Amino acid sequence: MEQPNLESIFAQLQASAPVLGRRRAAERIARLRSLKKALHAHRAEAHAALRADLHRAEPDTDLNELLPVTSTIDYVVKHLRTWMRPEKHGLPITLIPGSAEVVYESKGAVLIVSPWNFPINLCLVPLVYAVAAGNSVALKPSELSPATSAFLTKLIASVFPPEEVQVVEGGVEVAKGLLDQPWNHLFFTGSPKIGSQVMATAARHLTSVTLELGGKSPVIVHPKFGAETAGNRVAWAKGLNAGQVCIAPDYALVRKDQREAFIAGFQTGVRQYYGARPAENPDFAHIVHERHWDRLEAWVEEARAGGAEIWQIDRPDRSSKYYPLTLVWDAPKDIELSCSEIFGPILPVYTYIETADAIAHVESGSRPLVLYQLSHDRAWSDGITAATRAGATVINDFFLHYMHPSLPFGGVNTSGIGKSHGLWGFREFTNARSIYRRGRWSPTMLLAPPYTEWKRKLIAMVARWL
Ligand code: NAD
């Protein structure tokens, strides 16, 4: 593929940014509606692209790629006029007479860099907020989902002229070249390791960043929840996109006496959702790339060598990049499976005796993107929430906070910086600009030097209010 001219792409987007920033809500909404229409019109191509890249089932593409984008557009269209309105603020007595407000103005030319695991969703949801906020946008999808990247290039070109939004396909070198430009904002979704490099590069231009990252999201099971049910539900949650989900439960913590029932529930769940031979099931996604397949296999082998018990319903197959839902228990705490984000269909299970042990396990690692709890005991779950820090907590289900249009989505520290979705998503792509306006008469000059006796008295009076 011919290397795109990144400087000229940046220059073009930067030149059009002021015009886009002045666009009224109606014009921004018109673009978003066209994007929704195009997505509906090209739904079959989206299905085919995800089937090619990830062996993804078509209903999964509808539910987890297209629906999040179209429902985000609907939500934004409904609220954009309110979000764009200047926010009036009252005045402290010292600033009277005058008026104060905050206007949420576009940042300018922004760059969105996305991963491959939900390649339509993770490119287009941030794009919707960036466009709603009045920015020009370069979109860099992942090189590991090439069919979807090609689909996005075509889709975006059918909705946006190149001076408004451009898809820039390519690998790491293209990503690095784009990052060298002085963007007004950078929205990166990907791994904590690359996120930290991206932030360091952005710091060279002091470009503001939103980092949507990953990590190890635990699921803690209450002793009385019903361990078999818990295992069954986690099998479903880990099965989605073959565990290649930033908010997938990474590992489970169950009380020691519940372990056998949990394991049985997980095994039943795998059969229930994907049959006896998931390798042949079109509803079960495959691993995106041989490199990731090799990583998963190596991590399971490391666990086996370390004495862990391993259960797989059928054999991994590198030629089709199929990796089965895998359960691992008694895994050592210092191996890759226990320390690094798994991002695949492997579930390590650890046991606890006291709830405090489970909390200590979570707190000993970096802060998760989501902390899941399966519990009907409100006091217990409130206690866990209060004792831990995470981007989100979901109790008795999986993923659903992502689908709520006004809940902020994002991590903490290594799992992310900044928030997306709803008003949070809009604001992330804007500059909150404070505007203070004095009336015709300004008392400020009464406080200017020279500090005569009466001015000193006046300032002493003002100081009493501070
Ligand atoms: P990745 O970090 O390897 O790549 C993400 C993007 O960064 C790709 O477009 C890639 O081309 C680009 N990139 C790669 N190396 C780069 C470099 N050195 N400099 C600049 N850009 C570079 O991530 P991935 O493997 O595509 O995705 C998996 C990770 O993403 C997981 O950690 C997962 O948890 C995370 N993720 C997070 C969210 C979220 O919303 N928080 C969503 C999906 C995935």
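## Where the ligand lies

Both domain 1 (6–213 + 414–433) and domain 2 (218–407) contribute residues to the shell around the ligand, so the ligand lies between them. The model described here is a predicted one. Within it, the ligand sits in the largest pocket.

## The shell around the ligand

How many residues surround the ligand? The shell consists of 30 residues, and the closest are S114, E143, S191, L213 and E341. Sorted by class, 17 of the shell residues are nonpolar, eight are polar and five are charged.

Elements of secondary structure also take part in the shell. The helices α7 (172–179) and α8 (192–204), together with the strand β6 (185–189), each provide at least two residues of the shell.

## Polar contacts and burial

In W116, by contrast, a polar atom of the side chain is involved, at 2.9 Å from an oxygen atom of the ligand. S191 likewise uses a polar side-chain atom, which lies 2.8 Å from a ligand oxygen atom.

The ligand taken alone exposes 840 Å², and the protein buries 92% of that area.

P97 belongs to the loop that runs between β1 (87–89) and β2 (98–106).

Where is P450 found? Its place is the loop between the strand β16 (430–438) and the helix α17 (453–465).

## Positive phi angles

Another backbone feature concerns the angle phi. K321 is not a glycine, yet its phi is positive, at about 60°. This residue lies in a loop, with β10 (309–312) on one side and β11 (326–329) on the other.

H421 is also a residue other than glycine, and its phi has a positive value near 80°. The loop that holds H421 is the one between the strand β15 (416–417) and the helix α16 (422–428).

Definitions and conventions:
Residues are numbered from 1 along each chain as its sequence is written. This is a predicted model: local features need pLDDT of at least 70, side-chain atom pairs count only at pLDDT 80 or more; totals for chains, interfaces and linings use all residues. Side-chain values use heavy atoms; hydrogens and water are left out. A residue is near a molecule or strand if one of its heavy atoms lies within 4 Å of it. A polar contact is a pair of N or O atoms within 3.5 Å; within protein, one must be able to donate a hydrogen and the other to accept it, and residues adjacent in sequence count only if both atoms are side-chain atoms. Accessible areas come from the Shrake-Rupley method with a 1.4 Å probe; for residues, only the protein chains shown count as cover. On a 1 Å grid over the protein atoms alone, a cavity is a set of points where a 1.4 Å probe fits but cannot get out, and a pocket is an open set with protein on both sides within 12 Å along at least five of seven lines; lining residues have an atom within 4 Å of a point. A molecule sits in a cavity or pocket if more than half of its atoms lie within 2 Å of its grid points. Helices (H or I, at least four residues) and strands (E, at least two) are DSSP runs, numbered from the N terminus. Ala, Val, Leu, Ile, Met, Phe, Trp, Tyr, Cys and Pro count as nonpolar, Asp, Glu, Lys and Arg as charged, and the others, Gly among them, as polar. Domain bounds come from an automatic or database domain assignment.
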